[in-house]
Amino acid sequence: MKIKNLSLVLLLSVFIVVTSVVILKRYESETLVDAKWNEKEEPLLAITIDGNETSSFPTSSGYAATVTCTNGIGEAVWNGTKWVFNVKNIVANKAKCNIDFEFLPTWASPGNGTLLAAIKRTNTVISSPSTYPGQEISSSNEAALVSEADDYGTSYYFRGAVTNNFVEYANMCWRIVRVTGDGSIKLVLYNYNGLTDTNTTRSSYSPCSVTGTNLAYIRLGGTLYFNYNNNMYDNAYIGLMYGTTGASSYAVTHANNNASLMVSTLNNWYQNVLVKQSGFNANHLADTIWCNDKNVITNTSYDPWNLQTNGTNFGYGTNSNYYQTTQRLYQRVNNIVIAAPSLVCPNDNNGGKLSKFTVNDTKYGNGALNGYAKIGLLTADELAFAGSMYGKNNTTFYLYQNSSAEFWWTISPGDFWSCSRLWYVSKNGNLAYDGYVAPSSPNVAVRPSISLLSKVKITSGSGTSSSPYKISS
């Protein structure tokens, strides 16, 4: 591609778009090849695909592109039909750029040796489970991988008495909850394996084979129970992050300015337990959305708990109101319970990504957890898809195992009625809505969740408790 009117291009620092290249040699970032911009030469770029030198761009979109330039700002983007290279802000008559393409496995193309490929190979996907999520608990003989829409496309979630979703990672055992629409694999803790901030000796070399009643929870500072927040007397405190208490608007109340106590607890465990384990690699983790749905129900006719909202559903101060998860998981029509859980995290009441917590990603999420770890909690909706429901016990679905002795937090707001309350899971495996976020004597445990990138590979395993998937370091 010839670049015309070079002096004007350089003067205005506009985009130069390259769709074909000539490559002479692959260089490291500190000795990048010169890409010389003039009317007689094509730009010389250093390109790799999965670490291999090449002279052309990939022909499909299933890659992540990393561009490193010493002069100017470069970006490789898929335009719908092909990859193009954009460079701007060139300050001299040459630029030095590497473009590194890395294949990102997807459900359609899971690659070889990946955890994603193993999940796909050993499961048959169905589109409708035999029991209805949120309205019925999963049955004791139900074990399925089911497709459902999420923020990234199509998710595949495990439901029921599943026995082939065990993962051994970082000296602990985890259960696969679902594959997200971008191919990431969301896990939740199954056995902490005796590892705490004060004990670095694992209890077992086969953590997925160990069963108990409260092994699925973190321990920090010698305690098993943690408040979600450090106060509860304002709508703000339902937030994973929150704004100003005593405010007179939804936006100010729920602005993501202050980290909740739960964010601090999860990050404390991440830094003082998880990262210290052999086999753990922060580069394994995906920047998945953690959905802390702060949407307020504005329909005042919806009042299942008789909060007597009386038109005060504004979501700020001490106004009584319900949050949207509650309406999704519990409505009663003609004395019949209606539920419609979702894996799509909705925009907030002001139409933004307020509830979609991510660390760096701002395409799908809000990036509000920047500086914090890629770790979170499951939503009440995810629990409903897994097999739980409001008000009915379930002791046969996979998330009940190793967790029967304690209540445990979800990330989903329930309501405000004198106090902020969140959804949680009871000792009998049912969902409950009235978890006070900061009681004086907390009795709710924390079950952390992480997401692994779709490219993460396994060394062995079939996903059973005796042969869990083992993540390659």
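In this predicted model, the side chains of E142 and R159 form a salt bridge with an N to O distance of 3.4 Å, a salt bridge being a side-chain nitrogen of Lys or Arg within 4 Å of a carboxyl oxygen of Asp or Glu. The pair connects distant parts of the chain, 17 residues apart, with E142 in the loop between strand 9 (125-126) and strand 10 (143-150) and R159 in strand 11 (residues 153-160); helices (H or I, at least four residues) and strands (E, at least two) are DSSP runs numbered from the N terminus. E142 counts as buried at 4% relative accessibility, and R159 is likewise buried, with a relative accessible area of 0%, where buried denotes under 20% relative accessible area, exposed over 50% and partly exposed the range in between (1.4 Å probe, protein chains only). Side chains of opposite charge can pair when their charged atoms come close.

By this rule, the count of salt bridges comes to nine. One of them joins the side chains of R178 and D150 at 3.1 Å, N to O; this pair, too, links distant parts of the chain, with R178 in strand 13 (residues 172-179) and D150 in strand 10, 28 residues apart. Both R178 and D150 are buried. A further salt bridge is formed by the side chains of D151 and K356 (4.0 Å, N to O), and here the partners are 205 residues apart, D151 lying in the loop between strand 10 and strand 11 and K356 in strand 21 (residues 356-357). K356 is buried, with a relative accessible area of 10%. D150 and R178 also belong to a network of salt bridges in which they are linked with K186 and E382.

Although L343 and D150 are 193 residues apart in sequence, their C-alpha atoms are 4.7 Å apart in space. When residues up to four places away in sequence are not counted, L343 touches E148, A149, D150, D151, S155, Y157, R178, E382 and F385, a contact meaning heavy atoms within 4.5 Å.

S388 lies in the loop between helix 6 (380-386) and strand 22 (407-416), and its relative accessible area is 0%. A polar atom of the S388 side chain lies 3.3 Å from the backbone nitrogen of L431, and the residues that S388 touches, not counting those up to four places away in sequence, include L431 itself together with G429, N430, G134 and E136. S420, in strand 23 (residues 420-425), also counts as buried at 0% relative accessibility; among its contacts, residues up to four places away in sequence being left out, are M232, D234, Y237, D415 and Y436.

Strand 26 (residues 449-452) is covered on both faces, with S449 and S451 buried on one side and I450 and L452 buried on the other. In a regular strand the side chains alternate between the two faces of the sheet. Strand 26 runs antiparallel to strand 14 (residues 185-191), to which it is joined by four bridges, pairing of two strands requiring that DSSP find at least two bridges between them. Within this arrangement, V188 stands opposite S449.

The largest nonpolar core contains 93 residues, and L115, W174 and W269 have the most contacts inside it; such a core is a set of buried Ala, Val, Leu, Ile, Met, Phe, Trp, Tyr and Cys residues joined through side-chain atoms within 4.5 Å. A second, separate core of 13 residues includes L45, F57, F85 and C97. Among the residues touched by L115, not counting those up to four places away in sequence, are I185, L452, V456 and I471.

Overall, the protein chain has six helices and 28 strands, and 54% of its 473 residues count as buried. Of the contacts between residues at least 6 apart in sequence, 62% join residues at least 24 apart. The chain averages a pLDDT of 88, with 89% of the residues scoring at least 70, pLDDT being the predictor's confidence in each residue, from 0 to 100. Over residues 1-43, pLDDT stays under 50, and for this segment the model has 113 contacts beyond four places in sequence.

Residues are numbered from 1 along each chain as its sequence is written, and side-chain values use heavy atoms, with hydrogens and water left out. Because the model is predicted, local features need pLDDT of at least 70 and side-chain atom pairs count only at pLDDT 80 or more, whereas totals for chains, interfaces and linings use all residues.

Technical notes: A polar contact is a pair of N or O atoms within 3.5 Å; within protein, one must be able to donate a hydrogen and the other to accept it, and residues adjacent in sequence count only if both atoms are side-chain atoms.
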